[in-house]
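Subject: Handing over a structure

Hello,

I am passing a structure on to you, and I hope you enjoy looking through it. Below it are some notes on what I found.

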Amino acid sequence: MAKLAFDTGGTFTDFALLDDKGELHLHKVLSTPTNPAEAVVRGVSELLAEFGDVVDLDELQVLGATTVVTNAVLERKGVKTGFISTAGFQDMLRIRNEGRYDLYDLNLKYPDPLVTRANSFGAVERMSADGEVVTALEEETVREIAGRLREEGIKSVAVCLLHAYKYPDHEQRIAALLREEDPDIFVSLSSEVCPEVREFDRASTTVVNAYTRPQMSGHVAHLEREFAAKGINRQVLWMTSSGGLVPSSRAAELPVRLIESGPAAGAVAAAEFGRIAGEGSVLSFDMGGTTAKLCLIPNGEPTVGTDLEVAHYHRFRKGSGFPLKIQSIRMIEIGAGGGSIAAKNPLGLLDVGPRSAGAMPGPAAYQRGGTEPTVTDADILLGYMGTESFVGGSFKVSKDAALAAMTKLSASLDVSVPRCAFGIHDLVNESMSKAAAVHATDLGVDPRSLPMVAFGGAGPVHAYGIARKLGIKRIICPTGAGVTSAIGLLIAPVAVDLSASFPMQVDNWDFAAMDRLLGDLSAQGAEVVRAAGVAPKTITNSYTVDMRHVGQGHEITVALPDRSLPPKQFHEELLANFYKLYRELFGRTVAGSSVEVITWRLRSSGEKDQVTRPHTRHAAEARKGTRQVYFSEAGGFADTPVYDHYKLPVDEKILGPAIVEQRESTAVVGPSGTAHVDINGNLVINIA
């Protein structure tokens, strides 16, 4: 069956088409930030116009990753949203959890809530922690709230009541009443979006879902109409933040789970490329036009966390953003991409990012109205990227325009243009190498021991410099590096992650309650996965639990043993899993303290696909010529050979310095490096 994947990025929208013959076709178009669907439709149309004769449209499966949700939150361009809590808790979004990300900052600030105080309402009701109705739901107050929402023109509302993660009856009734009053309103219930403990985190997650839901629903519906007009009638599958694909109906209902969909697809692809290159653990480095993402992939699988934080008031400061209780691949993201703008700061020093030129106007070299120098402009002036081969030659860029923008900045800094350009390139590399070191250290790994999988339009350009700073000796640049996240969509399995908080002490275990809870989760998971076309017999379920010592404030996630084990053995294995991980994380165990499960988690998934692209030896000459390229190791510009990646024979060694060009990206091999293409088409760079 043919598959067509698209990944909407901040600067480019990437495509990968696997046709009915098993051939892979790659494509790239500029993103359209004001209407992301426009670039998707354009790219799909261009691919089908060229390869439609080897694709059966009736069976074509479209897969997508999007920045619609992320951008709506970061740019605060979501819809006007309402918030309903238990009466007396309307200020929950402002009080937060009373934590401080900096104990000594007297002017501590957080991002403003996505819902104004005027649009935060209290429903008269109260449920106790053990399910007792303390105050019955006063339905008339809900109808009054519905009237006020209507007066304010609010079409999306988040509902988060006390203890609703376990006792959702009042939330469900509020939703029914709101829909009676306004059938077109979008209602996001915390018991459906995030049925987990911790009131503020649950509310924050639900609010982000409500804030972005109408936009994502409209985006999904618009694309499916456009695809249907082209004869593509299968439901689109969308990548979630945890690396699984879900059907459009699920994506439109729970957009908060797609907030890191593009980066997640890249991590899935990096794991696969590392595996076929013979590496068990790798460091994934994805650098596009707007951001760079770094992800540690141990033992062939990305690490999935149980929470995420977005829209930080202070970059990298945990606690300064909106917490989201969703399953998400653990990675670190910084605002450094090809479109990141370089400028002189108030201290007279060079700064790069986080402002980005994006797709419009884009870097100065794009000649679309951009006048400020960017990372891409610097890379072009340094010779790392060719003007005639940019995006396979289909997108013309101007070195003169890049030079004009860089000249202004270099004059203000009183340095030469090459020095200014390399300063930009090196400063970005330094920022990313430090971020990678912090990320690896947090996970207890020495980055020097890992090979790097570099992809994205700018990833292979910067990989050599970053690897040298980190002490990494091997870089893997996949074929199609510039559209690797789109390729990741072709590989990823259909999968859904579900959770439910239901505290249970190990000393007072209730097997019947556990079976009921996990049975309900597996039924929900099977329903979603089957809706994506997965055969029931191929569905697999994996269970984990969040555990802690009784009285502790936070949990760790451990694997749940086989439920068919005898009770005594089940408990022994569960505690062994907990104590082993606890010791690895904290260096000790706590004796004489009871252990409890807080949250139960399920991943229900289909089978993972493979996209193999064996590299064939070409008779044509791989060397395209030479150009002047700047290397600090060489003391300046050096005449450097340029090679066509696709024409390089397998295992033929290339001595650095060299430039190896793909249609969608360019790899830089410095003077201390050697490179070769392996049997799978990966460009492997070894650094002395």
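How many bridges join strand 30 to strand 33, and do they run parallel or antiparallel? Two bridges join strand 30 (residues 654-655) to strand 33, and the strands run antiparallel.

Before the rest, a word on the basis. This is a predicted model, in which local features need pLDDT of at least 70 and side-chain atom pairs count only at pLDDT 80 or more, while totals for chains, interfaces and linings use all residues. Residues are numbered from 1 along each chain as its sequence is written, and side-chain values use heavy atoms, with hydrogens and water left out.

Strands (E, at least two residues) and helices (H or I, at least four) are DSSP runs numbered from the N terminus. Two strands pair if DSSP finds at least two bridges between them.

Back to strand 33 (residues 673-677): four of its five residues are buried, where buried means under 20% relative accessible area with a 1.4 Å probe, protein chains only. Ile-654 stands opposite Ala-675 in this strand. Strand 33 also pairs with strand 34 (residues 683-687), antiparallel and over five bridges; there Thr-674 has Asn-686 as its bridge partner. The two make a hairpin with five residues between them, and Gly-681 in the turn has a positive phi of about 90 degrees.

Elsewhere, four strands form an open sheet with parallel pairing, in the order 6-5-9-10. Its edge strands, strand 6 (120-123) and strand 10 (186-189), each pair on one side only. Strand 9 (residues 156-160) pairs with strand 10 over four bridges, and Val-157 has Val-187 as its bridge partner in strand 10.

Now for the rings. The structure holds 13 aromatic pairs, counted when ring centres of Phe, Tyr or Trp (its six-membered ring) lie within 6.5 Å; planes under 30 degrees apart are stacked, over 60 edge-to-face and the rest tilted. One of them is the tilted pair of Phe-422 and Tyr-630, 5.1 Å centre to centre with 40 degrees between the planes. This pair links distant parts of the chain, as Phe-422 is in helix 12 (residues 417-442) and Tyr-630 in strand 28 (residues 623-631), 208 residues apart. Phe-422 is buried, with a relative accessible area of 12%, and Tyr-630 is buried at 14%. Trp-509, Phe-511, Phe-570 and Trp-600 form one aromatic cluster.

Best wishes

Note on methods
Buried means under 20% relative accessible area, exposed over 50%, partly exposed in between (1.4 Å probe, protein chains only).
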